[in-house]
Amino acid sequence: MTAGCGSGSGWRAMTPRTITAVVLAAGLLGGCEADLHDDVGPRVPVPNVAGHVVRAGEAAEELKVELRRAADATVIDSTDTDDDGEFAFADVGPGLWEVKVSGDEEGDFEALTAEFTVAAPESLMALGALDVWAYGAMPIEPEDGARVARPTLFAPLLLQWRLPSRAADWARAQVYDVAGEAVWFSDKRVSTEVTWNGLGSEGTYAGQFVPAGDYTWRVKVGFADGSEARLDRRQVRFE
Amino acid sequence: MLDIQLGCQCRVGRAWAATLFVLATAGSDMVSATDIWPVFRGDARHSGVTERDAPYDSMLAWSYATGDSVLYASPAVAADGTVYIGNLDKELVALAAVGMPRWVFVGEGNFRYSSPAIGQDGTIYVGGSDGVLYAVRPDGTRKWTFTAGGPIKTSPNIGPGEIIYFGADDGCLYAVRSDSTLAWSYTTGGIVRSSPAIGPDGTIFFGSADHYLYALWPNGTLRWRAATGGEIKYCSPAVSSDNVVYFGSYDGYLYAVTINQQLVYATYTGHVIRSSPALTPDGRVFIGSGNWLLAVKADGTIDWEYGTEGEVTSSPLYSTDDEVVCVGAQDGVFYCVHDDGVLDWTYTVGEPLRSSPAPGYGNMVHVADVTGVLWSFGIGPSVDVGEREIAGGTRGLMAYPNPSTGRVALRLADDLRAEERIVVLDAAGRCVAVLSGRGRDVRWDGRDRGGVQVAAGSYLFQRVATGCSGRVLILR
């Protein structure tokens, strides 16, 4: 992302307002070293992916934004939103990417992600507004720290939540073990509850009944623009 | 008994063929005591099993374009081999075992999801997308209708007392008497597209998109329900004679649960299950999951997987006699696999198959593709009579199909001995081929002794030892 320039984080992630200034000033900044190999002078990272984050329509400042490879969620870069809620990343090459915005206030989603594709090396991408406000969405049952019987076919665990008041395309529940390994994902549908019989669907848990122990669960919500939001995690113990 | 020439419009592959004359036989020897495949999956328990022979190879008996689009609707077959199937054109079509249309009943909704069910008196029940359960007399006329609260995309099943059970998209399972009155209905939390199976004690089992498998007492009250991790849609449960219920779910698990709520196993297949299980007498299960036909042992472990190039949403048919399991796939291929997992034969239909195969007259198997063409494999009525008395007291050898484009099957009245031969003579009396075989079935590949396809024309078969003879017309 930052080839040719120093490792200062300001070069790696920029707000749209700084993009022009950065390009003009690039040759003047002492922090940059000239790339002498191609005889065209110092290279500067070119911000080519920009977006902005809102909270219920208002600019959301100082929120952490990560640039991740969509395939494996590897974090490639990160920045914070500026006073206008804007952010940008430079030198984002071709491929499938996602940005992840983490909420930091009560009533926010825990996180919001949006995928996008960069088609060509110098493509400019303007992402739509990412609304980190949860609009009332929250997990309901089981309560945080609840102790419940291990679920079975005939006594399944009921997971309940509240959907955001803005239209959601789908919601799904996800269960993880204490190490953060995925145990079970429900199917995606517009629903405020789902039952789980204790049989895993993910990774090493696929084909197995979940053993007793501590787990977390959360709900993921999908929207028509392709963005996905995560509600806060809850702890649950299966006894 | 008379031989009659029947004309029917048949379609092979995508091209309409010229009118094909099929040699058919009229007579009571075609009629058995019970219907061959009266409901979806063959019986009230939805076992998916037949004791009849399966086709020996991929020889197509006939195909018939019923109309537009058949999805999960599968054929029902009456005792005389009559095949019933519905389609998107709002038609319920009745075809004779030889592929000739008998009648077409037109409803107000389409029948491409619902398989017909044949009642004790021959009444045919089928659900329409208009939310109407149609009762149709065996002559193709309307008997009565019953209107449910949503489209019917399940296959009716018939329980004790001629109660007809079916599910609908309004989330209800309905129980309707044979006089069209409602006995009861039961509401679930999701649409019902899983067709009900009936256990030996009358318990009704079906799935719902609310993720549950329901067990209802015959009076319509809940006996129990079992939660899965996904919708149960299109997959219909099957009940063994020892009261174990087998069902798949969109969560990728195949479940086996006793009628008394004991989990026997939950086997993870890794793919959505839309297919319904077929149960063998020794406790094995065949089912489609993803692009695979699976064989699952009685302990729940996967015995073998047979891979296809398309999703197996069709439900397998198992022939206990031949130990062969047949199923369609979305890759447009019809598969028959020996129950040890070794491929027996395939036939490329060329269009996706979601419909489930049903056995027919003789060793025939019928299955419909999504364009609405019904494909029939095996040996049907004209050859099953074998060496028969024909006019003048001569015993005749019957060939099938007749006319044929090449391959011909003969079924004999008794086993052909190892040293016995059947000669094939052309119209000039020249011997073009000598056939041997074992058992009652003898095949001719339409080639002469040099391996060259014979020319179009009439050919005479003669069983040397008995003098029985018959003719076949070869078309090129």
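Setting aside neighbours within four places in sequence, Thr267(B) makes contact with Gly252(B), Tyr253(B), Leu254(B), Val296(B), Gly300(B) and Ile302(B). The model in which these contacts are found is a predicted one. Thr267(B) belongs to strand 26 of chain B. With a relative accessibility of 8%, Thr267(B) counts as buried, because the limit for a buried residue is under 20% relative accessible area. One of the residues in contact with Thr267(B), Gly300(B), also takes part in a polar approach: a polar atom of the Thr267(B) side chain lies 2.5 Å from the backbone oxygen of Gly300(B).

The setting of this residue is chain B as a whole. The secondary structure of chain B amounts to 1 helix and 46 strands. Chain B has 476 residues, and 62% of them are buried. When contacts in chain B with a separation of 6 or more are considered, 47% are accounted for by residues 24 or more positions apart. The chain exposes about 16400 Å², with carbon and sulfur atoms supplying 49% of that area.

Ser236(B) is located in the loop between strand 22 and strand 23 (238-239) of chain B. If residues up to four places away in sequence are not counted, Ser236(B) touches Phe40(B), His46(B), Ser194(B), Ser195(B), Tyr246(B), Ser276(B) and Pro277(B). Ser236(B) and Ser195(B) stand 41 residues apart in sequence, yet their C-alpha atoms are 5.1 Å apart in space. The side chain of Ser236(B) reaches the backbone nitrogen of Ser195(B) at 2.7 Å.

What is the relative accessible area of Asp53(B)? The value is 24%, and Asp53(B) is therefore partly exposed, since the partly exposed class lies between the buried limit of 20% and the exposed limit of 50%. Asp53(B) is placed in the loop between strand 5 (49-50) and strand 6 (60-65) of chain B. Beyond its neighbours within four places in sequence, Asp53(B) is in contact with Ser319(B), Asp321(B), Asp322(B), Asn363(B) and Arg411(B). Along the chain, Asp53(B) and Gly378(B) are 325 residues apart, while a distance of 9.3 Å separates their C-alpha atoms.

Attention now turns to chain A. This chain has a secondary structure of 2 helices and 18 strands. Of its 239 residues, 46% count as buried. Among contacts in chain A between residues at least 6 apart in sequence, those joining residues at least 24 apart make up 61%. Chain A exposes about 11400 Å², and carbon and sulfur atoms supply 50% of this area.

Thr113(A) illustrates a buried position in this chain. Thr113(A) lies in strand 7 (residues 111-118) of chain A, and its relative accessibility of 5% is why Thr113(A) counts as buried. Apart from neighbours within four places in sequence, Thr113(A) is in contact with Arg68(A), Glu98(A), Val99(A), Lys100(A), Ser227(A), Glu228(A) and Arg230(A).

There remains the interface between the chains. The size of an interface is often given as the accessible area lost when the parts come together. About 1300 Å² is buried between chain B and chain A, and carbon and sulfur atoms give 57% of this area. Which three residues supply more than any others of the area that chain B buries against chain A? They are His211(B), Ala227(B) and Tyr253(B), which supply 33% of that area. The contact takes 20 residues from chain B and 17 residues from chain A.

On the side of chain B that touches chain A, strand 22 (222-227), strand 25 (253-258) and strand 26 (263-268) each supply at least two residues. Strand 22 of chain B gives the most to this side, with 4 residues. By residue class, the side of chain B that touches chain A divides into 11 nonpolar, 5 polar and 4 charged residues.

Terms used. Residues are numbered from 1 along each chain as its sequence is written. Chains are lettered from A and ligands numbered from 1 in the order in which they are written. This is a predicted model: local features need pLDDT of at least 70, side-chain atom pairs count only at pLDDT 80 or more; totals for chains, interfaces and linings use all residues. Side-chain values use heavy atoms; hydrogens and water are left out. Buried means under 20% relative accessible area, exposed over 50%, partly exposed in between (1.4 Å probe, protein chains only). Contact means heavy atoms within 4.5 Å. Buried area is the accessible area (1.4 Å probe) that two parts lose on being put together, summed over both. Ala, Val, Leu, Ile, Met, Phe, Trp, Tyr, Cys and Pro count as nonpolar, Asp, Glu, Lys and Arg as charged, and the others, Gly among them, as polar. Accessible areas come from the Shrake-Rupley method with a 1.4 Å probe; for residues, only the protein chains shown count as cover. A polar contact is a pair of N or O atoms within 3.5 Å; within protein, one must be able to donate a hydrogen and the other to accept it, and residues adjacent in sequence count only if both atoms are side-chain atoms.
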